[in-house]
Amino acid sequence: MARGAARRRIIPARRRQRKPPAERPKVTDWLQTAAALAAVPALVIAVATWRDQQAINRSQLKVNQAQLRLAEIEDERYEQRYAARVSFWWADSPPSGEADPYPTFVVYNRSPVPIMRIHFEMARITVKPTPSVLYGGDLNAPPCSILTVRAVYRDFTGPPRVPEHDRPINLRFLDTVGWWRITTVDSIQLGAVRAPVPLDEEDWPSSLQLNPAFGLEEVPGTRQPAPDCSEGG
């Protein structure tokens, strides 16, 4: 080989690298896997327990709401213990037996307290709706009493006249608890009266709402004692 010739560099062949042998699972790996598998049932149990607790909470909430409603009903009944003993209906006829042209009603106070400032909200029986008005004043019903009253139009220059309003809508009165309204269902008959409803202050009969010409009068000689007088329903 000539001196000037470039020396060839002999590169040794690369050896193939062998893959390291796979590591055998350690004991800790087995333990972690076992712990994970054991946690699955615990998770299922926890979810089921949570759902059961939610159902119990909902049931308890319903029970609490029912108990609260029962307490409210008891409070309402206590406040209505006097007003619930008041009712009214059309009077059949006056004691004289003659036809009474005035709208005449029986007010039945079976409570042991007086009902005061009795008013009837009245309307006209017409095809077209007409505004209602209040008939009343200072008429009171003593405890345990039955009154027969009639709506009149007061003519201050002469005797009262028959009013044009001939359809009662409700009875309003004041007892020792507050103001109440009793509304008829379809017709005024004994037992056909809704439960008393407490009146807000703006619905109280006042001098601003009342026309002094629209009055209530007790029919003379008709007052009677209520035989079943008591407190409550």
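Because the model is predicted, local features need pLDDT of at least 70 and side-chain atom pairs count only at pLDDT 80 or more, while totals for chains, interfaces and linings use all residues. Residues are numbered from 1 along each chain as its sequence is written, and side-chain values use heavy atoms, with hydrogens and water left out.

**The whole chain**

Begin by selecting the protein chain in a cartoon view, where one helix and ten strands can be found; helices (H or I, at least four residues) and strands (E, at least two) are DSSP runs, numbered from the N terminus. Followed along the sequence, the pattern is α-β-β-β-β-β-β-β-β-β-β. Of the 233 residues, 30% count as buried, where buried means under 20% relative accessible area, exposed over 50%, and partly exposed in between (1.4 Å probe, protein chains only).

**Salt bridges**

The structure holds five salt bridges, each being a side-chain nitrogen of Lys or Arg within 4 Å of a carboxyl oxygen of Asp or Glu. Select Glu121 and Arg172 next, whose closest N and O atoms are 2.9 Å apart. Glu121 belongs to strand β3 and Arg172 to strand β6 (residues 167-174), so this pair ties together parts that are 51 residues apart in sequence. Glu121 is buried, with a relative accessible area of 12%, and Arg172 also counts as buried, at 10% relative accessibility.

Then move to Asp228 and Arg110, a salt bridge with its closest N and O atoms 3.3 Å apart. This pair links distant parts of the chain, 118 residues apart, with Asp228 in the segment after β10 (224-225) and Arg110 in the loop between β2 (104-109) and β3 (116-123). Asp228 is partly exposed, at a relative accessible area of 34%.

A further stop is Arg223 with Glu218, where the closest N and O atoms of the salt bridge are 2.7 Å apart. Arg223 is partly exposed at 45% relative accessible area, and Glu218 is partly exposed at 24%.

**A charged patch**

Finally, select Asp200, Glu201, Glu202 and Asp203, which gather in a patch of negative charge on the surface; such patches are made of residues with over 30% relative accessible area and no salt bridge, like charges being joined within 9 Å. Within this group, Glu202 lies in the loop between β8 (197-198) and β9 (214-218), and Glu202 is exposed, with a relative accessible area of 59%.

Conventions: Patch = residues over 30% accessible without salt bridge, like charges linked within 9 Å, V, L, I, M, F, W, Y side chains within 5 Å. Areas by Shrake-Rupley, 256 points an atom, 1.4 Å probe, with all protein chains shown as cover. Lys, Arg positive; Asp, Glu negative; His and termini not counted. Charge placed at Lys NZ, Arg CZ, Asp CG, Glu CD.
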